[in-house]
Amino acid sequence: MYTELRSQKIKIPSEMATNLMILHSYILVKIHVKRGDHMKGARMLIRVANNISKFPSHIVPILTSTVIECHRSGLKNSSFSYATMLMRPEYRNKIDLKYKRKIEAIVRRPDKTEEDEPTSPCPYCKFDLETSELVCPGCKNNIPYCVVTGQHMVKDDWSVCPQCNFPALYSEFKRLLESDDTCPMCSDTIKPGKVHKIEDPSIYLHADKGEE
């Protein structure tokens, strides 16, 4: 529906766009973990966990995955924070038994070390912000996200899926297509030769200015 509305140049409600972003972030977790990139998987799980109300029937499994992936990736402070949430009375008895002891240990012996997330420039104003942040603190713009990584787009590494026209970091899309010929957003088969780097992405940066 989102793609249909956009192709018809109909304003897309902000709630629909946000829900798609959160759902896609959740889908990307499996892709990142399968490729062995647990850090990107953890960053996407943090985004999903911060919007956990969107998944009322999956709260405990999502928080559990967030704790485990964050801990595995060295994001110990984030792992501790979500482990603490899981220890609430309403969640504690629903934790999968094979993870419960580990989660309890994380809470009992907190390790709050965590390295800063890498940054990259906002494509609107060049403000350096964390790669998984989608709202620029400098210019307040909502930044388009990459359908391959879930990270915000950058101006000098821009491409789009030739089927659904959603943006993707060119370098990341090319890397993905070396092992998987499917777009993570639309699931269509994509030939690597059809993906091109876009030198001036201005039309994509300002395409949704009228959306509500």
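**Close-up views of a predicted model**

The structure holds 0 disulfides. The model shown in these views is predicted.

View 1. A disulfide is a covalent bond between the sulfur atoms of two cysteines. The sulfur of cysteine 139 has its closest cysteine sulfur in cysteine 125, at 3.7 Å, which is too far for a bond because a disulfide requires sulfur atoms within 2.5 Å. Cysteine 139 is partly exposed, and its relative accessible area is 26%. For cysteine 161, the closest cysteine sulfur belongs to cysteine 164; the distance is 3.6 Å, again too far for a bond. Cysteine 161 is buried, at a relative accessible area of 1%.

**View 2. The largest nonpolar core.** This core has 47 residues. Leu63, Leu86 and Phe173 have the most contacts inside it. Two or more residues come from each of α2 (14-34), α3, α4, α5, α7, β3 (158-160), β4 (167-169) and α8 (170-177). Helix α4 gives the most to the core, with 6 residues.

**View 3. Helix α5 and its packing.** Helix α5 spans residues 76-86. Its buried residues are Ser78, Ser79, Phe80, Tyr82, Ala83 and Leu86. They pack against α3 (38-49), α4 (59-73), α6 (89-92) and α7 (97-108).

**View 4. Surroundings of leucine 86.** Leucine 86 is one of the buried residues of α5. With residues up to four places away in sequence not counted, leucine 86 touches Val60, Leu63, Thr64, Val67, Tyr91, Arg92, Ile95 and Ile103. Leu63, in this list, is also named with Leu86 among the residues that have the most contacts inside the largest nonpolar core.

**View 5. Threonine 66 in helix α4.** Threonine 66 lies in helix α4. The residue is buried, and its relative accessible area is 0%. Neighbours within four places in sequence left aside, threonine 66 is in contact with Leu45, Ile46, Ala49 and Tyr82. Of these contacts, Tyr82 is a buried residue of α5.

**View 6. An edge-to-face aromatic pair.** A pair of aromatic rings is described by the distance of the centres and the angle of the planes. The count for this model comes to 2 aromatic pairs. In one of them, tyrosine 26 and phenylalanine 55 have ring centres 5.2 Å apart and planes at 65°, so the pair is edge-to-face. The pair links distant parts of the chain, 29 residues apart: tyrosine 26 is in helix α2, and phenylalanine 55 is in the loop between α3 and α4. Tyrosine 26 is partly exposed, at 30% relative accessibility, whereas phenylalanine 55 is buried, with a relative accessible area of 11%.

Conventions
Residues are numbered from 1 along each chain as its sequence is written. This is a predicted model: local features need pLDDT of at least 70, side-chain atom pairs count only at pLDDT 80 or more; totals for chains, interfaces and linings use all residues. Side-chain values use heavy atoms; hydrogens and water are left out. Buried means under 20% relative accessible area, exposed over 50%, partly exposed in between (1.4 Å probe, protein chains only). Helices (H or I, at least four residues) and strands (E, at least two) are DSSP runs, numbered from the N terminus. Contact means heavy atoms within 4.5 Å. A nonpolar core is a set of buried Ala, Val, Leu, Ile, Met, Phe, Trp, Tyr and Cys residues joined through side-chain atoms within 4.5 Å. Rings of Phe, Tyr and Trp (its six-membered ring) pair if their centres lie within 6.5 Å; planes under 30 degrees apart count as stacked, over 60 as edge-to-face and the rest as tilted.
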